[in-house]
Amino acid sequence: MPTLAELAKMFDHSLLQPQLTDDDLDRGLAVAAEYGVASVCIKPYAVRRAAKLLAGTAVAASTVIGFPHGGHLTRVKVFESEQAIADGATELDMVVNVGKVLSGEWNFVADDVRAVVEVAHRGGAKVKVIFENAYLKDEHKRELCRVCGEVRADWVKTSTGYAETGATIEDLKLMRECSPPWVQVKAAGGVRTFEKLMEVRAIGVTRVGATATKTILDDAKAKLAAG
């Protein structure tokens, strides 16, 4: 059985909802620091403040690139990545160009992801590539896993959390099976209970994006203590 600290390090505490105020973001950062999660995934404009407030903790500042639909020009995604790293982000969650994926323009998709991965790795940051599986067929997901392995992305990620569906067990299994060992898997959207967290962990998921971080980890603490 994992420890509570190990489970906490699976979490990217998500602070991306459009209605969140600066005070909401500060409260979210305090929760992340208290629980010792892996990172806070925060709106790009707030990365500098997040990095400052998280300094001295083991919680990383992370943010989104090309969010939420992936339709930005590649050079804009690169600029976003450079700015985020300059502001203190050490993890970047980038959205693929969903329309190009559905069009089968795999060279474009690979170049788009590669550009962000290269600038991130040069800056000491890691990249999670968001597929948005709600819009994709299994063959798209398989090819995206291949592309992400080829360009040395650090994670493949199910979704933004803002489409019709998020992480499913079937998709997580497919993504783990189709990704090379050096690419990890992140579940986003749908992991809201301790039981679901343990289920995706058993598949090989190493990160989850969640807004219900506190609720899940409080439940985990109680259930781990109960044996």
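## Charges over rings

A charge counts as sitting over a ring if NZ of Lys or CZ of Arg is within 6 Å of the ring centre and within 35 degrees of the ring normal. In this predicted model, lysine 100 meets that description, lying over the face of phenylalanine 108 at 4.7 Å from the ring centre. Arginine 152 provides another case: its charged end sits over the ring of tryptophan 182, 4.1 Å from the centre of that ring.

## The aromatic pair

The count of aromatic pairs comes to one. Its members are phenylalanine 67 and tyrosine 162, arranged edge-to-face, with 6.0 Å from centre to centre and 85 degrees between the planes. The two residues are 95 residues apart, and their pairing links distant parts of the chain. Phenylalanine 67 belongs to the loop between strand 3 (60-65) and helix 4 (74-87), while tyrosine 162 belongs to the loop between strand 6 (155-157) and helix 8 (169-178).

Tyrosine 162 counts as partly exposed because its relative accessibility is 40%, and the partly exposed class runs between the buried limit of 20% and the exposed limit of 50%.

## The largest pocket

The largest pocket holds about 340 Å³ of space. Its lining consists of 23 residues, and those nearest the centre are Gly161, Gly189, Gly209, Ala210 and Thr211. Strand 1 (11-15), strand 7 (184-188) and strand 8 (207-210) are the elements that give two or more residues to this lining.

Sorted by class, the residues lining the largest pocket comprise ten polar, eight nonpolar and five charged ones.

Conventions
Residues are numbered from 1 along each chain as its sequence is written. This is a predicted model: local features need pLDDT of at least 70, side-chain atom pairs count only at pLDDT 80 or more; totals for chains, interfaces and linings use all residues. Side-chain values use heavy atoms; hydrogens and water are left out. On a 1 Å grid over the protein atoms alone, a cavity is a set of points where a 1.4 Å probe fits but cannot get out, and a pocket is an open set with protein on both sides within 12 Å along at least five of seven lines; lining residues have an atom within 4 Å of a point. Grid points are joined across faces, edges and corners, and a volume is the space filled by probe spheres set on the points. Helices (H or I, at least four residues) and strands (E, at least two) are DSSP runs, numbered from the N terminus. Ala, Val, Leu, Ile, Met, Phe, Trp, Tyr, Cys and Pro count as nonpolar, Asp, Glu, Lys and Arg as charged, and the others, Gly among them, as polar. Rings of Phe, Tyr and Trp (its six-membered ring) pair if their centres lie within 6.5 Å; planes under 30 degrees apart count as stacked, over 60 as edge-to-face and the rest as tilted. Buried means under 20% relative accessible area, exposed over 50%, partly exposed in between (1.4 Å probe, protein chains only).
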